[in-house]
Amino acid sequence: MNLKKYIKVYKKFLHTSLASELEYKTNILIDLITAILSLIGSIFLLSIFFQNNGYIGGWKFEQALIIQGIYTILNGITNTWFNPNLTEIVKHIREGTLDFVLLKPIDSQFFISLKKITPSGFLEIMLGFCLLMYCIKINQINLTLTFLTLCLVTIICSICILYSLWFFISTTTIWFVKTWNATEVLRSFLYIGRFPLNSFSFSLRIFFSVFIPIAFITTIPSEVFLGISQLWKILLEVIVALIFLLTSRKFWLYALKFYSSASS
Amino acid sequence: MISNLINRKIFTLLKVQYSNMLEYRVEIALWAISGIIPFFMLNIWTNNNLNESINISNVLLSRYFLCAFFVRQFSVVWVVFSFEEDSLMGKISPYLIQPLNPFFRYFAQHLAEQITRFPFALIIAFFFFIFNPESIWIPNLGILFLSIISTFLSFLIQFLMQSIIACLCFWTEKASSIERLLFIPTLFLSGLLAPVVSFPEYVKSWIYLTPFPYLIDFPANLLSGNETNISGGLSMQVLWILILFPLFKKIWSEGTKKYTAMGS
């Protein structure tokens with residue numbers, strides 16, 4: 001595994017995809033407005049929930065905003081990396097161009113997951129960070145080094161889980177050819193991540209922490225932000241993230257055995 | 001004679017598209033599943049007793065969200081994405097030569113998809129009733145008829161709006177980002193995530209002048225038996241169609257003049 005080569009290749013990826021995306025400059029502007037409106041919309045929805053209630057699932061409005069901030073960052077990451085790349089897998093398999101990827105002297109998962117980049121997602125990530133900064137201010141959170149490392153660790157774990165979920169679903173394309181809609185199902189489930197897990201009924205809470213660990217993705221990092229998370233939850237998230245990463249990797253290698261390129 | 005011809009054309013288009021859609025049953029089932037967000041929202045509403053503050057009983061609220069799900073299922077429009085792909089690939093050129101506006105083709109596609117989707121939506125509703133047996137109700141025939149009409153009108157409004165955006169492809173190539181922008185107000189203001197009655201006063205004062213509450217909130221209220229102004233809602237829907245249709249015709253004729261086929 002020569003890391004240098006991969007970094008060099010990734011630089012090339014960045015260069016080419018940025019160059020092609022910047023062709024559509026007005027698009028980036030429209031995407032920025034979309035991201036801002038979408039954030040305003042979800043805060044509006046949250047404010048409706050809190051209109052006559054002080055607490056939702058034990059969370060105050062100011063605290064629930066943290067979840068929105070983290071969701072926005074993760075959504076930005078999804079839009080920047082996961083969405084453009086992993087929906088491409090479907091295309092690769094349908095048109096048989098996966099052959100070209102597999103023939104390259106480079107890891108196929110690396111190539112498929114990082115080839116493209118949509119720069120407009122950066123704006124969403126920045127928006128999320130601004131919201132988080134604001135939340136840190138209104139919730140009077142003290143910034144210490146351990147706090148920051150814990151936040152970073154949980155958010156990185158969330159990103160890993162999110163990536164694995166996307167990659168998992170996209171990999172199933174090898175059998176079903178058109179799973180473009182399955183990612184849409186995942187998207188609609190991920191929508192739940194905008195709200196604290198405790199605001200759902202018990203059965204849904206179980207569903208969203210065991211089958212699709214959306215709970216881990218936003219709620220645990222937010223709890224860490226508020227300093228109310230227990231250590232076992234953080235450890236659990238790290239373990240879940242590792243399991244997801246490893247299984248998605250294994251699943252990809254397994255699925256490739258079933259890939260019978262186009263016209264065969 | 002002429003009407004006979006039109007009838008035959010429409011009938012053939014529908015038949016072709018329906019058999020085409022039946023090919024993609026799994027996809028459409030997944031589409032149907034991805035629309036279950038209203039149920040998650042319902043869970044938040046009832047689990048936190050948020051409905052008490054807006055004076056809607058649990059049962060009526062669960063019917064509302066079920067109806068919102070149904071209305072959404074039968075008013076999903078994606079014409080801009082099909083049109084964008086066709087126009088980027090140059091498939092529009094042969095369609096333009098035919099003595100039939102290409103949008104009829106997309107229209108038939110949508111209708112056929114709705115027919116295919118119907119059984120899946122029923123299955124989801126069936127599961128919903130298993131979990132919420134108290135919310136079972138049978139709307140009377142008149143109301144059912146009116147709400148089918150208003151759902152269809154809502155579909156027409158959205159189809160026209162998206163077709164107008166799709167025509168922008170003649171100028172910008174990537175019109176789908178504009179559609180994503182328009183989707184944000186549709187998502188938050190149409191009543192899919194929260195009934196419009198629960199909105200704060202400063203939004204309610206102007207929202208009924210926009211087309212958004214007539215897309216989901218009005219038909220869903222009508223079908224679920226919640227309080228709503230039937231004649232006012234229907235006439236607003238017709239009014240918006242009367243506004244949007246000439247606009248679409250205008251932008252279509254401008255756009256086709258502007259269109260240059262691939263390679264010219």
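B:I148 sits in helix 8 of chain B, which spans residues 141–167; helices here are DSSP runs of H or I with at least four residues, numbered from the N terminus. This is a predicted model, where local features need pLDDT of at least 70, side-chain atom pairs count only at pLDDT 80 or more, and totals for chains, interfaces and linings use all residues. Residues are numbered from 1 along each chain as its sequence is written, while chains are lettered from A and ligands numbered from 1 in the order in which they are written.

**Around B:I148**
- B:I148 is partly exposed because 14 other C-beta atoms lie within 10 Å (20 or more would be buried, 12 or fewer exposed, and partly exposed is in between, with C-beta atoms placed from the backbone).
- From B:I148 to B:F39 is 109 residues in sequence and 21 Å in space, C-alpha to C-alpha.

**Helix 8 meets helix 5**
- The axes of helix 5 (residues 79–89) and helix 8 of chain B come within 8 Å and cross at roughly 25°; axes are lines fitted to C-alpha atoms over the stretch in contact, with angles from 0 to 180 degrees between N-to-C directions.
- That angle makes helix 5 of chain B roughly parallel to helix 8 of chain B (angles under 35 degrees count as roughly parallel).

**Confidence**
- Chain B has a mean pLDDT of 88, with 97% of its residues at 70 or more; pLDDT is the predictor's confidence in each residue, from 0 to 100.
- Among the elements of chain B, helix 8 has the highest mean pLDDT (94) and helix 1 (residues 2–23) the lowest (79).
- For the complex, the predictor gives an ipTM of 0.86 and a pTM of 0.89.

Terms used: Helices (H or I, at least four residues) and strands (E, at least two) are DSSP runs, numbered from the N terminus. Angles under 35 degrees count as roughly parallel, over 145 as roughly antiparallel, 65 to 115 as roughly perpendicular and the rest as oblique.
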